Amino acid sequence: MGMKKSLSAKAVVRDLRGGLANSDLMDKYGISEKSLYKILRQLRSAEVVTDTEVLPRIAQLQETERLMVRQSPRFRPKVAIPVSEITDITREFHITDISEKGFKLEGMSCKLGERKHFAVLADKVSDSGSFPVMAECRWVRQDSLENSFEAGYEITEITTLGARELRGLIDSIVEES
């Protein structure tokens with residue numbers, strides 16, 4: 001069980017008013033952006049600090065969080081993009097969400113951290129050619145009642161030509177989500 005760290009509100013307010021940047025506050029107190037965000041909101045709710053003192057800092061933390069969550073725009077294909085494992089091209093699965101960094105795959109069971117070599121069969125749904133990618137599973141959802149699987153994959157290896165085909169695929173058959 002982890003121990004909760006207790007901070008002195010007076011010390012944090014003193015450092016805030018002393019001009020320490022968010023990154024300096026996180027370093028000094030050994031806290032994450034999420035923790036600093038919570039602390040600033042609590043200080044604001046308790047009316048220990050003014051909106052003028054904390055709202056710009058809160059906005060900065062929210063912007064940083066948005067940038068960290070999605071570094072590459074994600075798109076939903078108008079039609080599911082077929083994909084197979086290179087080792088078994090007879091079984092097709094479907095990409096239902098895609099970006100230049102990764103994709104959501106439906107129908108294939110996998111384990112977190114598992115790496116797979118895929119053939120993206122783009123030529124079946126667009127003017128783009130098919131291309132290989134190596135991808136690592138970053139998250140998995142399984143509905144045991146329906147025996148269905150969804151998994152998020154991060155693309156870890158792609159050829160220059162494959163990256164070009166991927167961009168063409170995205171441009172030709174997706175809607176921004």
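Helices and strands are taken here as DSSP runs, with helices of at least four residues and strands of at least two, numbered from the N terminus.

**Figure 1. Overall order of secondary structure in the predicted model.** The chain contains 5 helices and 8 strands. Read from the N terminus, the elements follow the order α-α-α-α-β-β-β-β-β-β-β-α-β. Of the 177 residues in the chain, 36% are buried. Among contacts with a separation of 6 or more, 55% are made by residues 24 or more positions apart.

**Figure 2. Close-up of the crossing between helices α1 and α2.** Helix α1 spans residues 9-17 and helix α2 spans residues 22-29. Two packed helices are described by the angle between their axes and the distance between the axes. Here the axes come within 10 Å and cross at roughly 150 degrees, and the crossing is right-handed. On the α1 side, the contact is formed by Ala11, Val12, Asp15 and Leu16; Leu25, Lys28 and Tyr29 meet them from α2. Sorted by class, this contact comprises 5 nonpolar and 2 charged residues, with no polar residues.

Figure 3. Most residues other than glycine have a negative phi. Glutamate 47, although not a glycine, has a positive phi of about 60 degrees. Is the residue buried or exposed? Glutamate 47 counts as exposed because its relative accessibility is 69%, and the cut-off for that class is over 50%.

**Figure 4. Close-up of strand β5 and its pairing with β2 and β6.** Strand β5 covers residues 115-120 and runs antiparallel to strand β2, residues 81-85. These two strands are joined by 3 bridges. Within this pairing, serine 84 stands opposite alanine 119 of β5. Strand β5 also pairs with strand β6 (residues 131-143), again in the antiparallel sense, over 6 bridges. Valine 120 has phenylalanine 131 in β6 as its bridge partner.

**Figure 5. Close-up of residues 65-70, where pLDDT stays under 50.** For residues 65-70, the model has 1 contact beyond four places in sequence. For the chain, the average pLDDT is 84, and 87% of the residues score at least 70.

Note on methods. Residues numbered from 1 in each chain as written. Predicted model: local features only at pLDDT ≥ 70, side-chain atom pairs only at ≥ 80, totals over all residues. Heavy atoms only, no water. Axes fitted to C-alpha atoms, helices over the stretch in contact; angles between N-to-C directions. Left-handed = near helix turned anticlockwise from the far one by under 90°. Contact = heavy atoms within 4.5 Å. Nonpolar A, V, L, I, M, F, W, Y, C, P; charged D, E, K, R; others polar. Buried < 20%, exposed > 50% of the residue type's maximum accessible area, 1.4 Å probe, protein only. pLDDT = per-residue confidence, 0-100. Pairing = 2+ DSSP bridges.
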